[in-house]
Structures are given as C-alpha cells and as structure tokens.
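The stops below are given in the order in which to select them.

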Amino acid sequence: MEELQEKGNQTDSLVDQVERLNGERQRLHDIIEELRENLSEKEERTIIAKSITMDPNTAHPRVALAEDNTELYTLAESRDVPDHPGRYDVVLATLGATGFSSGRRYWEVSVADRLCYHVGLAAASAQRKGILRFAPQNGYWTLILNKQGQLRALDRMPKVLPVQAPPGALGVLLDYRNGQVSFYDTGSRSHLYSFSGNSFTDELFPFINFCNEDIDSQTPIRLIPPGSTDWLQ
C-alpha cells in the first residue's frame, strides 16, 4: 500500500512538473510573439532609403543604361538586345533591378533639365508589352511631367498637381503594408502626391519611362543616393 501511495505521489509530482513546464513554454511563446510584433511594428515604421539600379533586361531597346545601371538615356535607334519576356517593347521604359514586397522603401531620381518625364512604381505582373494605360488598376503608380509643364498624378482619376516649378529631383516612398505610394520634391522637401487605399499583393519595382517629346535630350535621368529621410511625412 505504501509503495502504491509513493508511486501516486511521484505521478502527481510529474504531472505538476509537466504543467509548470507547459506554463513556462506558453509564457515563452507569448514573449516571443510580443517581440515579433514589436519588431514588425518597428520595421514598418522604419524608412529604408537606399540607392537603386535599373534592370537592363527590362529596358526598351532604345533605352541605354550607364554608370552601373544608374543613368538612363535614349538612343536614336534600337539596340540589338535579346527579346526578354520582361522587356518593354513600345513605351521607352525600364524597371528597377530590385522589387519591394514589404516595409517602407524610399529612393530618389534626378530629372533635372528634362522637358518631361514619367516616374513611379510598377507591379511585377503589370503589362509591359504593347501600348499601356498607366493607372493603379493596371499596376502603375506614377507621376508624369508633360511637355506643357503640367505635373500629373496618373491615379484612377488623373490629377494635375499645383507646382510653381517642375521638381529637379523626385523622392518616391512606398509604404507597402498601408498600401500607399508617395512622391516628394526633394529640392523643396515638399510632398507632391500620395496614391492611397491600395492593397498590394505583388512585388513592386521602380519604374522610369521617357516621354516621346524629350527623347533627343542629352541629359540622362539619374538615380541618386537618397539623403536624410527625417523630413518625410
């Protein structure tokens, strides 16, 4: 009888230990989950500002890249390049070499001395072949300066932006989680426009397109190292 009682006590002790271990494991799990949430929130608040390069395999045959793929200019005639499935074949466009699918990402591009330009972000699945219609529903979030000097946001309803002078350099900020793409005049450090209310699922790539009216310009469009982001909204 005493032996059975001793075994019963040992069993109770083991059960207590297992329950304590399960409790400790649950507490550790809760701590880890809280740390993950805090890290995720911090990452979502942090703006990652880096220089970018463009992908020559996406460049229209009349768009040439130089300076380690950070300068773009147009050619009088098409280059003999492979017919890559991701290459633009009508619009004089190029995509960035790296896409974004999380966080807050910021990059800058110099468009100084250009008569017109077309800059923004494109979804990985957006159409690249043929004549394109640039709008968020088609996977493009872009600003365009036309030859009349109008700066326009090509949103679902295109909007003319009131600016005293066309920006010489643009900053593009992607907030992937919150579905927003914002544009800034880096010279005046002012906000130009935000595309809001999007639900991103695709990888998004920097997008640069040359206007037909400005293809003879000798000034390249240049990707530039971003400065401080403390002023960004």
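Is asparagine 69 buried, exposed or partly exposed? Select asparagine 69: at 26% relative accessibility it counts as partly exposed, where buried means under 20% relative accessible area, exposed over 50% and partly exposed in between, with a 1.4 Å probe and protein chains only.

Before moving on, note that this is a predicted model, in which local features need pLDDT of at least 70 and side-chain atom pairs count only at pLDDT 80 or more, while totals for chains, interfaces and linings use all residues. Residues are numbered from 1 along each chain as its sequence is written, and side-chain values use heavy atoms, with hydrogens and water left out.

Stay on asparagine 69 and check the backbone: its phi is near 65°, a positive value in a residue other than glycine. The residue sits in the loop that links strand S2 (63–66) to strand S3 (71–74). Strands (E, at least two residues) and helices (H or I, at least four) are DSSP runs, numbered from the N terminus.

Next, go to aspartate 113, in the loop between strand S5 (104–110) and S6. Phi is near 65° for aspartate 113 too, again positive in a residue other than glycine. Aspartate 113 is exposed, at 68% relative accessible area.

Now select S6, residues 117–123. How many of its residues are buried? The count is 7 of 7, so the strand is mostly covered. Display its partners as well; two strands pair if DSSP finds at least two bridges between them.

- Strand S7 (residues 140–145) runs antiparallel to S6, joined by 6 bridges. Histidine 118 is placed opposite isoleucine 144 of S7.
- Strand S13 (residues 204–210) also pairs with S6 in the antiparallel sense, over 6 bridges. Here leucine 121 faces proline 206 of S13.

When you show side chains here, recall that in a regular strand they alternate between the two faces of the sheet.

Two cysteines come next. Cysteine 116 is buried at 2% relative accessible area, and cysteine 211 is buried at 7%. The structure holds 0 disulfides, a disulfide being a pair of cysteine sulfur atoms within 2.5 Å.

Finish with the nonpolar cores, each a set of buried Ala, Val, Leu, Ile, Met, Phe, Trp, Tyr and Cys residues joined through side-chain atoms within 4.5 Å. The largest has 50 residues, of which Tyr88, Trp107, Val109 and Val181 touch the most other members. Apart from it lies another core of 6 residues, including Leu173, Tyr184, Trp231 and Leu232.
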